[in-house]
Amino acid sequence: MSSMLKELLEHKIVAILRGIEDSRADDTAKALIEGGIRLMEITMNTEGAAAMICRWRERFGDAARIGAGTVIDVEAAQQAVAAGAEFLISPNLDEAVIAYGKERGIAVWPGVMTPTEIVKAVKAGADAVKLFPMGTLGVNYLKELRGPLQDVPFLATGGVDLHNIGEYFRAGANAVGMGGKLVNLDWVKEGRFDLVAERARAFVDAVRE
């Protein structure tokens with residue numbers, strides 16, 4: 001088992017930062033870490049994503065693992081890896097991205113939806129898959145996939161909130177990816193990083209339970 005997969009299975013939450021302003025990014029990361037978040041992805045369609053990843057590796061590399069999200073093709077993977085991303089997450093399955101990560105010893109967790117895509121991703125070398133969009137598919141879908149696909153680590157992304165996070169894990173998720181429900185961009189804009197940390201802590205506690 002790769003060290004990054006171990007971290008995913010231990011900490012169980014990936015914070016997704018999409019469209020965050022550069023000037024607010026570092027304080028947001030600090031607040032998330034303070035709240036107990038240990039895996040953070042900056043999506044590659046965020047302005048200045050590569051520079052942010054690079055900076056966060058320097059500033060927060062001891063406290064958290066920093067990865068890239070929305071890595072839809074090899075070109076995005078190259079930019080993310082050059083910036084220092086420690087893992088790559090995508091909304092889609094691109095086997096070339098998995099191969100690119102494998103060659104460099106970097107975890108790639110591709111986006112999948114169907115059993116066919118899940119098996120394809122694993123055969124291509126993914127050690128976990130991002131089940132997406134969970135907000136639409138729902139936890140019963142996750143439960144049904146779990147039967148025949150017992151051994152694949154699932155990072156369930158979409159639709160997770162404080163009131164239903166337990167259902168995701170009971171249905172068979174190994175970890176969850178969370179964007180706006182975890183990182184409230186209004187709070188970020190208002191500089192309410194205490195609230196960001198508090199929300200993070202609530203989710204970390206819910207996962208421990």
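1. Asp 22 is partly exposed, with a relative accessibility of 36% (buried is under 20% relative accessible area, exposed over 50%, partly exposed in between, with a 1.4 Å probe and protein chains only). The model is predicted: local features need pLDDT of at least 70, side-chain atom pairs count only at pLDDT 80 or more, and totals for chains, interfaces and linings use all residues. Residues are numbered from 1 along each chain as its sequence is written, and side-chain values use heavy atoms, with hydrogens and water left out.

2. Eleven salt bridges are present in the structure (a side-chain nitrogen of Lys or Arg within 4 Å of a carboxyl oxygen of Asp or Glu). One of them joins Arg 55 to Asp 22, with 2.9 Å between the closest N and O atoms. This pair links distant parts of the chain, with Arg 55 in helix 3 (residues 49–60) and Asp 22 in helix 2 (residues 22–34), 33 residues apart (helices are DSSP runs of H or I, at least four residues, numbered from the N terminus).

3. Asp 26 and Arg 59 form a salt bridge at 2.2 Å, N to O. Asp 26 is in helix 2 and Arg 59 in helix 3, so the pair ties together parts 33 residues apart in sequence. Asp 26 is buried, at 11% relative accessibility, whereas Arg 59 is exposed, at 55%.

4. Within helix 2, Asp 27 and Lys 30 are three residues apart, about one helical turn. Their side chains meet in a salt bridge of 3.7 Å, N to O. Asp 27 is partly exposed at 33%, as is Lys 30 at 47%.

5. Salt bridges with shared partners connect Glu 7, Arg 57, Arg 65 and Glu 86 in one network.

Definitions and conventions. Helix = DSSP H or I, 4+ residues; strand = E, 2+ residues; numbered from the N terminus.
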